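Colleague: Before I plan anything around this protein, I would like to go through how its parts are put together, one question at a time.

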Amino acid sequence: VLITPLLRARAVIRLVPSGSYVSHHTAAELWGAAPPADVATHITLPSACGRLVRQGVRSHYRKQPAQTTLRKGVIVSTPEQTFLDLAAVGVGLVDLVAVADGLIKAGHTSPSRLVETAAQWDGRGCRLARRAAALARKGVDSPQETRIRLLLVLAGLPEPRVNLIIRGRVGGWRRRYDLAYEELQLIV
């Protein structure tokens, strides 16, 4: 049997009190994003009592209500809540933008929804969430593409166009470049 994040999440959710949900890194994986490597299964509990202390499980406690939904038969934080949760635990800016781009690519959220959600939030990591949401883009294909784009942007260069498609004379798709400065005819 292949042990997947979903299988681990299903096993852990059976051990925790009612009202608990899969969150943070594990939720990001279930939504199809690529969070920073973390072998633990992340779960958020409704109270600090009964925190699960087990190898391979990371328990979180949340005082305020969270946005959750059902995904693949497991109660999980919504994509937007997952993004905020990762910001709250201090995931780095570049990794957080990579998660945001992955959530967008998978079709589970949009840049405008992340910006709106982050703007309304005043919890821990809110500044990081706002900055990362502003840097999230539609059309990014991989975390590596996000990292290169941010390396350019955070160095002070103009933002490159994501996934420039070059068409042939009759209008058909010919080539696609991950990042480009079209006006300079420069491919990254």
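Predicted model: local features only at pLDDT ≥ 70, side-chain atom pairs only at ≥ 80, totals over all residues.

Colleague: Which residue of strand 8 does Y181 stand opposite?

Modeller: Strand 7, residues 173-181, is joined to strand 8 by two bridges, and the two strands run antiparallel. A180 stands opposite I187 in strand 8. In the hairpin of strand 7 and strand 8, with four residues between the strands, Q185 takes a positive phi near 55 degrees. As for Y181, its opposite residue in strand 8 is L186.

Colleague: Which strands stand at the edges of the sheet, and why is one side of each left without a neighbour?

Modeller: The sheet is open and is formed by three strands in the order 6-7-8, with antiparallel pairing. Because each edge strand has a single partner strand, one side of each is left without a neighbour in the sheet, and these edge strands are strand 6 (161-167) and strand 8 (186-187).

Colleague: Which helix packs on this sheet?

Modeller: The helix in question touches both strand 6 and strand 7, and its direction makes about 45 degrees with that of strand 7. The helix that packs on the sheet in this way, spanning residues 143-154, is helix 7.

Colleague: Is helix 3 parallel or oblique to helix 5?

Modeller: Helix 3 (residues 79-88) and helix 5 (residues 111-120) pack with their axes 10 Å apart and at an angle of about 55 degrees. Angles under 35 degrees count as roughly parallel and those from 65 to 115 as roughly perpendicular. The crossing of the two helices is right-handed, and the angle between them makes helix 3, relative to helix 5, oblique.

Colleague: How many residues of the contact of helix 3 with helix 5 are nonpolar?

Modeller: On the side of helix 3 the contact involves E80, F83 and L84, which meet R113, L114, T117 and A118 in helix 5. Of the residues in this contact, two are charged and one is polar, while the number that are nonpolar is four.

Methods:
Residues numbered from 1 in each chain as written. Heavy atoms only, no water. Pairing = 2+ DSSP bridges. Contact = heavy atoms within 4.5 Å. Axes fitted to C-alpha atoms, helices over the stretch in contact; angles between N-to-C directions. Parallel < 35°, antiparallel > 145°, perpendicular 65-115°, else oblique. Left-handed = near helix turned anticlockwise from the far one by under 90°. Nonpolar A, V, L, I, M, F, W, Y, C, P; charged D, E, K, R; others polar.
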